[in-house]
Amino acid sequence: MESKEKPTDDHNRLKRFRKNLFRSLCCIVFIILLGWGASPFVKIGFNGTDSVDGYLFLIVKDVIPEKGELVAFWPPENAFYQNIWFVKYMKGKAGDEVVRRGQSFYINGEYIGDAKTESNGGVTLQPSDGGMIPKGYYSVWAQHEDSFDSRYKQIGWIPTNSIIGRAYRIL
């Protein structure tokens with residue numbers, strides 16, 4: 001008489017891992033297909049830097065985020081990135097006061113970080129000036145020390161027509 005052997009714990013763990021991996025891949029494929037299918041309203045994007053946590057983002061087009069939310073936007077032409085959009089946090093809006101003290105920046109009195117004097121590649125960076133953010137413009141920011149954001153003249157304040165939409169981190 002044949003006896004059936006009980007599956008080992010390792011076998012069960014491997015089976016659960018494969019099942020979870022398959023489910024995760026199906027979810028990712030579904031999200032990407034949804035993004036392509038609904039492209040007039042949403043966009044799927046991948047993060048290529050460490051300035052904002054996450055690898056995969058869903059962008060809801062033509063939605064201006066509130067302060068503190070993620071925003072996807074086209075940065076001005078610059079020496080570092082060409083034909084690539086950014087995801088940062090919406091940190092300031094029209095009427096907010098940006099103050100620069102040396103390399104340190106504040107928005108409405110809240111310290112947001114220092115601007116670096118040069119990039120990791122040794123290229124000189126120019127800190128932005130301060131002032132009141134004008135109507136139709138926004139300040140963008142990320143906490144990472146190497147974030148290339150509104151603290152630098154090369155990025156500056158972002159006009160409404162450069163904003164793609166509200167970004168949501170998926171992974």
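Modeller: One term before we start: contact means heavy atoms within 4.5 Å. This is a predicted model, where local features need pLDDT of at least 70, side-chain atom pairs count only at pLDDT 80 or more, and totals for chains, interfaces and linings use all residues. Residues are numbered from 1 along each chain as its sequence is written, and side-chain values use heavy atoms, with hydrogens and water left out.

Biologist: What is R166 in contact with, leaving aside neighbours within four places in sequence?

Modeller: L58, I59, V60, V63, P65, E69 and L70.

Biologist: Which of its contacts is polar, side chain to side chain?

Modeller: The R166 side chain makes a polar contact with that of E69, at 3.1 Å. That term means a pair of N or O atoms within 3.5 Å; within protein, one must be able to donate a hydrogen and the other to accept it, and residues adjacent in sequence count only if both atoms are side-chain atoms.

Biologist: Is R166 buried or exposed?

Modeller: Buried, because its relative accessibility is 13%. Buried is under 20% relative accessible area, exposed over 50%, and partly exposed in between, using a 1.4 Å probe and protein chains only.

Biologist: Where does R166 sit?

Modeller: In strand β11, residues 163–169. Strands (E, at least two residues) and helices (H or I, at least four) are DSSP runs, numbered from the N terminus.

Biologist: What does β11 pair with over four bridges?

Modeller: β3, in the antiparallel sense. Two strands pair if DSSP finds at least two bridges between them. F73 stands opposite I163 in β11.

Biologist: And which way do the β3 side chains point?

Modeller: L70 and A72 point one way from β3 (residues 70–73), V71 and F73 the other way, and all are buried. β3 is also joined to β4 (residues 86–92) by four bridges, and the two run antiparallel. There, V71 stands opposite K88.

Biologist: What is the strand order in the open sheet?

Modeller: β1-β2-β11-β3-β4-β9-β10, seven strands with antiparallel pairing. β1 (42–46) and β10 (158–159) stand at the edges with a single partner strand each, so one side of each has no neighbour in the sheet.

Biologist: How many bridges between β1 and β2?

Modeller: Five, with the strands antiparallel and β2 covering residues 56–61. K43 has I59 in β2 as its bridge partner.

Biologist: Changing topic: is L25 buried or partly exposed?

Modeller: Partly exposed, because its relative accessibility is 46%. L25 is found in helix α1, residues 9–37.
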